[in-house]
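Student: I'd like a close look at just one part of this model. Could you walk me through it in one go?

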Amino acid sequence: MRRTSQRPLPSGRITVPHAVGWASSVGLAGTALLATQTNMLAAGLAASNLVLYSFVYTPLKQIHPVNTWVGAVVGAIPPLLGWAAASGDISLNSLILPAALYFWQIPHFMALAYMCREDYAAGGFKMYSLADPSGRKTAMVAMRNSIYLIPLGFLAYDWGVTSGWFCLESTALTLAISAAAFSFYRDRTKERARRMFHASLLYLPVFMAGLLIHRRTDNQHFLEVNAEGFMKSPSSVETSEMDDKNGNQKIKGRQGTRARPPVAYASIAPFPFLPAPSYDIV
């Protein structure tokens with residue numbers, strides 16, 4: 001392929017045994033590092049993704065167009081791996097960023113595959129766009145997966161991962177990429193495909209930056225939930241009785257129930273480079 005001809009392996013700057021040896025050594029070393037320094041869940045995700053990329057996705061590129069969707073799974077696992085490394089588990093909250101990466105990759109790659117379909121055909125790759133001369137199905141798939149991104153901002157807010165501002169910003173951002181996909185669907189030219197491709201390049205860093213800026217710590221979520229319960233929900237408090245020192249007088253008091261914040265580790269994952277916050281609340 002003209003697009004990849006100058007990469008080290010196709011250009012002959014390294015040999016196939018050299019590439020296999022290097023990839024195997026760093027793959028094993030990275031998995032071992034995750035297993036010893038984080039946890040086995042993160043190491044298992046890393047090892048699974050290496051196998052999926054090397055022995056499923058890569059061969060499928062010359063066999064069947066489903067390779068694009070398998071590649072989207074490969075691209076979605078790394079942020080899930082980061083969450084697992086930071087928290088030690090996988091929860092609903094951990095699926096926000098992987099879902100964004102999965103659905104984002106489809107319009108991103110459909111635009112690229114449409115622009116470079118002659119190049120992919122020359123390289124012997126079975127891309128979805130090659131079986132779609134009009135480009136209508138390719139553009140429809142891109143637009144459909146762009147629309148799938150719309151609920152993610154609301155889910156991030158509803159599940160307590162981010163503030164409401166992220167919901168608004170993510171919705172506006174996703175509508176923009178959906179508009180670019182719709183424009184490509186209406187006028188299936190390389191220029192419109194290139195415009196959608198550029199929109200997809202802008203989407204991901206802005207989405208991730210929004211997650212970082214508007215993230216909510218467990219402390220914030222805990223205080224807000226307790227404040228709402230104190231103001232609005234009498235059923236969330238318990239009445240306790242205690243004897244005084246003489247045992248003659250009973251004092252009735254109201255004691256709030258303390259619930260564990262549902263957003264475990266949301267303040268550091270999937271951004272493990274941030275300092276871990278304190279969860280102690282007096």
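Student: How exposed is Arg-194, going by its relative accessibility?

Tutor: Arg-194 counts as partly exposed, at 34% relative accessibility; buried means under 20% relative accessible area, exposed over 50%, and partly exposed in between (1.4 Å probe, protein chains only). A word on the source: this is a predicted model, where local features need pLDDT of at least 70 and side-chain atom pairs count only at pLDDT 80 or more, while totals for chains, interfaces and linings use all residues. Residues are numbered from 1 along each chain as its sequence is written, and side-chain values use heavy atoms, with hydrogens and water left out.

Arg-194 and Glu-191 both sit in helix α9, three residues apart, about one turn of the helix; helices here are DSSP runs (H or I, at least four residues), numbered from the N terminus. Their side chains form a salt bridge at 3.5 Å, N to O, the rule being a side-chain nitrogen of Lys or Arg within 4 Å of a carboxyl oxygen of Asp or Glu. Glu-191 is partly exposed too, with a relative accessible area of 46%.

By that rule the count is three salt bridges. Another one pairs Lys-190 with Glu-118 (3.4 Å, N to O). Lys-190 lies in α9 and Glu-118 in α5 (residues 117-123), so this pair ties together parts 72 residues apart in sequence. Then there's Arg-192 with Asp-187, at 3.9 Å, N to O.

α9 also has a buried set, including Ala-193, Phe-197 and Leu-204. What covers the buried residues of α9 includes α4 (96-115), α6 (136-148) and α8 (164-186).

Key
Helices (H or I, at least four residues) and strands (E, at least two) are DSSP runs, numbered from the N terminus. Contact means heavy atoms within 4.5 Å.
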